[in-house]
Amino acid sequence: MQERDADRKGRLADAAIDVLGNDGVRALTHRAVDARAGLPQGTCSYHFPTRNALLTAALERIAELDLAESEGHDLAAVLERWAGSPRARARFMLMLDPQARRELGEAAARLADGFVERAERLTGSRARGRFMIGLIDGLLLDELIRGTVTAEERRERLAAIGRIVATGE
């Protein structure tokens, strides 16, 4: 039975995330994604003919997985899964690499806004929602750079973020 195109595209996007998260933006090639996905050479370029299409697919898949994981779960548990994961590293690499950011442009802005909108619903304010996302991104970036923290330290950090966002101070 042949793998459906949608399933194959998801598999390729997951492989692209793995390449990005483990090897970096410059390692992301159609050939590397084919190899990581265990698919014949040319499969990735058939489904995602340009680098922009591949970067966009990876970022959209990251957002899809992150949003699904965060729905109805304890924020500390979600951050525990994200911290240090190849997916978190891939997201930061895509958002911080100037060339990738230029190539992603509107897609990156649209997906980032989705997270801000979700935070806005939680906090009741767009400004506070954006501030909360910035603080959480900072926490994740700190863990990616400096290493993991204990579950208790993460809970304390999240509680502090909650207090800061709630008071606006």
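Reader: What makes up the secondary structure of the chain?

Author: In this predicted model, the chain comes to 9 helices and 0 strands, where helices (H or I, at least four residues) and strands (E, at least two) are DSSP runs numbered from the N terminus. Local features need pLDDT of at least 70, side-chain atom pairs count only at pLDDT 80 or more, and totals for chains, interfaces and linings use all residues. Residues are numbered from 1 along each chain as its sequence is written, and side-chain values use heavy atoms, without hydrogens and water.

Reader: What does the side chain of Thr43 reach?

Author: The side chain of Thr43 reaches the backbone oxygen of Pro40 at 2.7 Å. Beyond its neighbours within four places in sequence, Thr43 is in contact (heavy atoms within 4.5 Å) with Arg8, Leu12 and Asp34.

Reader: How do you know that Arg91 lies over the face of Phe92?

Author: Arg91 is 4.9 Å from the ring centre of Phe92 and lies over its face; the rule asks for NZ of Lys or CZ of Arg within 6 Å of the ring centre and within 35 degrees of the ring normal.

Reader: What radius of gyration would a compact globule with 169 residues have, and what does the chain have?

Author: Such a globule would have a radius near 15 Å, and the chain has 17 Å, which agrees. The radius is taken over C-alpha atoms, and the globule rule is 2.2 Å times the number of residues to the power 0.38.

Terms used. A polar contact is a pair of N or O atoms within 3.5 Å; within protein, one must be able to donate a hydrogen and the other to accept it, and residues adjacent in sequence count only if both atoms are side-chain atoms.
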